[in-house]
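Subject: Structure for your review

Dear colleague,

Please find the sequence and structure below. My notes on the findings follow.

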Amino acid sequence: MVSANGATIACGVVAALSVLAALPMLMGNADVIPESLKEGTIVDKKGTLKAMDPDLLAHFARSVGHEVFIFVTCVAASVANNRCALLAKFLTCGMLLSAGWHHAWGNENEVIGQVVLATVLGYFGFIRSGLTLPSTTWGKHAIACTLEACLMGAVALGLLSGSAEALPPALKSLNLGAVQSMGKDLGLAALCVLAGALDNNAPMLCKFLPVGIMVSAWSHAMMDDMQGAKLNSCFALGFAILGFGFAAPETGGKKAQ
């Protein structure tokens, strides 16, 4: 049973808000995406940028949606196991960096929202839960999740640099802001995976991650990126085998207060 402590509640609220944003985007609805990210890359005769192609916008929305959904599954794993103290710390830093990125692109509403969330998470993560870090038990689950976090982080950094090399062909014509936004969201998800691994929550995370990764596989299939869909399906199968086929090691560590 999940204990109703501050960090757990705060992370649960973040997950709930995020899934409400992710579901419409997974259906191709881009209404929640800031306007600055929906500009096209083609200039008309008057010298102004045309709007993004509708098909490209739908693919972009689904891609952001599946990244946010992976983020939600990672947060939900920590909430379900009441291990949110370290996650709240990581999310505080991630939300502040995300707010700074949104400020650079002029998305003031998103800046305000993420600063508020970072403040709440920071209070419960650093003040109520203390600064003590858990002692990580490095079993097969933790190692797999750490490697996954590193892989996600590496791709996120490439996208944040403005490189679209890691994107499927259907998304390579996105504008710079859209490419970076995908890197930002993937980076937040990577932080959640890493927090789960370090806080001895990797066995639970291995049960939740396959759901998020399979949604990502579906999203790739929708944009005819079958190579990406097959790769993500393999990752999902691997984590499902780890999560459901191997017993979790005995762990200690501090839970959220």
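Helices are DSSP runs of H or I with at least four residues, strands are runs of E with at least two, and both are numbered from the N terminus. This is a predicted model, in which local features need pLDDT of at least 70 and side-chain atom pairs count only at pLDDT 80 or more, while totals for chains, interfaces and linings use all residues. Residues are numbered from 1 along each chain as its sequence is written, and side-chain values use heavy atoms, with hydrogens and water left out.

Helix α3 spans residues 85-104 and contains Ala99. Ala99 is buried, at 5% relative accessible area (buried is under 20%, exposed over 50%, partly exposed in between; 1.4 Å probe, protein chains only). Leaving aside residues up to four places away in sequence, Ala99 touches Val111, Gln114 and Val115 (contact means heavy atoms within 4.5 Å). From Ala99 to Ser173 the C-alpha distance is 25 Å, across 74 residues of sequence.

An unreviewed UniProt entry lists "transmembrane region" for residues 60-79, 86-105, 111-131 and 229-248; its positions follow the numbering used here, feature names are shortened, and annotations may be inferred rather than shown by experiment. Residues 60-79 are 100% helix and 0% strand, with end C-alpha atoms 29 Å apart. Residues 86-105 are 95% helix and 0% strand, and their end C-alpha atoms lie 29 Å apart.

The structure has 0 disulfides (pairs of cysteine sulfur atoms within 2.5 Å). For Cys206, the closest cysteine sulfur is that of Cys145 at 3.7 Å, too far for a bond. Cys206 is buried, at 0% relative accessibility. The sulfur of Cys150 has its closest cysteine sulfur in Cys145, 11 Å away, also too far for a bond.

Yours sincerely
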